[in-house]
Amino acid sequence: MIQPLWVIIPAAGIGQRMKADCPKQYLSLLGKTILDRTVAIFVNHPMIAGVAVGLGEQDGYWADSSWVSHPRVFTYHGGMERSDTVLKGLEYLLQAQQVTEQDVLVHDAARPLLSQSALERIILHQGVQGAILAMPARDTIKQQKANGKIQATLNRDAIWLAQTPQKFPASDLLQALRNVQTQGVAITDECSAMEYTGWQPDLVLGESTNIKVTFPEDLFIAEALVSHNINSISK
Ligand SMILES: Nc1ccn([C@@H]2O[C@H](COP(=O)(O)OP(=O)(O)OP(=O)(O)O)[C@@H](O)[C@H]2O)c(=O)n1
Ligand SMILES: C[C@](O)(CO)[C@H](O)COP(=O)(O)O
């Protein structure tokens, strides 16, 4: 029987690329906010111990969340960068929820369409050096030169696009994030910190519908998926 895992949902971003009048995680996706839909993926799942949502210091939206008073949903203050928010989430779990060696999941608030089957794939994956959901590249990959021209065409057979959840032991991930911060290494996902530390995490097949809502057009894609009941917990 697997021990239920905590999930950290970093939700302290401002959604600059979305160019909306509120942080993108609070935009409505067919009647529910993106963040509320993301929390719904985890909150009642039997393999999830609890949900820790990292909020911006000035967050004035969470108070209206459907999950604001749920007994398995906790909030904490995030940081300036995504990695800061995840690091603070780990510190919260280690201090307030006595999480230590157990694996934790980190999942972007901006990915509201993760399916229950993909969630269970990463939870049940038995890797010893952590694991992430990812998708094999389906387009030809070009590397760009500084002048904007094509530098090279990469062999796409070995190219995977990282998604979340990403799963690592809480204390190891905290140490790795602190290490890359101390070293001044810029990272865009938790896995990069573990790789920098020498870990070789596993790639677990994600799903093309596990999109990260980043640009305005992504909202239309997400709405189309929800309206066709693709992976959404509820319409
Ligand atoms: N300081 C930050 C920055 C980002 N995030 C979260 O990390 C996830 C993925 O980041 P991204 O898609 O880049 O969100 P934003 O940083 O808000 O977007 P942008 O880069 O366009 O501002 C989002 O759920 C975002 O809320 C966070 O918790 N804390
Ligand atoms: C973590 C992530 O979703 C994996 O693809 C991605 O790196 C987040 O990038 P963002 O720029 O913080 O959205």
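Asp 108 has a polar side-chain atom 2.5 Å from an oxygen atom of ligand 2, a polar contact in the sense of a pair of N or O atoms within 3.5 Å. This is a predicted model, in which local features need pLDDT of at least 70 and side-chain atom pairs count only at pLDDT 80 or more, while totals for chains, interfaces and linings use all residues. Residues are numbered from 1 along each chain as its sequence is written, chains are lettered from A and ligands numbered from 1 in the order in which they are written, and side-chain values use heavy atoms, with hydrogens and water left out.

**Ligand 2**
- Around ligand 2 are Arg 17, Arg 82, Asp 108, Arg 111, Ala 162, Thr 164, Thr 188, Asp 189 and Lys 212, where a residue counts if one of its heavy atoms lies within 4 Å.
- Arg 17 places a polar side-chain atom 3.0 Å from an oxygen atom of ligand 2, and a polar backbone atom of Thr 188 is 2.7 Å from an oxygen atom of this ligand.

**Ligand 1**
- Ligand 1 is surrounded by 19 residues, the closest being Gly 15, Gln 16, Arg 17, Lys 24 and Thr 85.
- A backbone N or O atom of Ala 12 lies 2.9 Å from an oxygen atom of ligand 1, and a polar backbone atom of Gly 13 is 3.1 Å from an oxygen atom of ligand 1.
- The side chain of Thr 85 has an N or O atom 2.8 Å from a nitrogen atom of ligand 1.

**Helices H2 and H4**
- Helix H2 (residues 82–96) packs with helix H4 (residues 170–183) at an angle of about 140°, with their axes 10 Å apart; helices here are DSSP runs of H or I with at least four residues, and strands are runs of E with at least two.
- That angle makes H2 oblique to H4, because angles under 35 degrees count as roughly parallel, over 145 as roughly antiparallel, 65 to 115 as roughly perpendicular and the rest as oblique.
- The residues making the contact (heavy atoms within 4.5 Å) include Leu 87, Leu 90 and Leu 94 of H2 and Leu 173, Leu 174 and Leu 177 of H4.

**Backbone features**
- Most residues other than glycine have a negative phi, and most peptide bonds are trans.
- The peptide bond from Thr 164 to Pro 165 is cis, with omega near 10°, and Pro 165 lies in strand S10 (residues 160–169).
- Leu 30, in the loop between strand S2 (28–29) and strand S3 (32–33), has a positive phi, near 50°.

Methods:
Axes fitted to C-alpha atoms, helices over the stretch in contact; angles between N-to-C directions. Polar contact = N/O pair within 3.5 Å; in protein donor to acceptor, adjacent residues only side chain to side chain.
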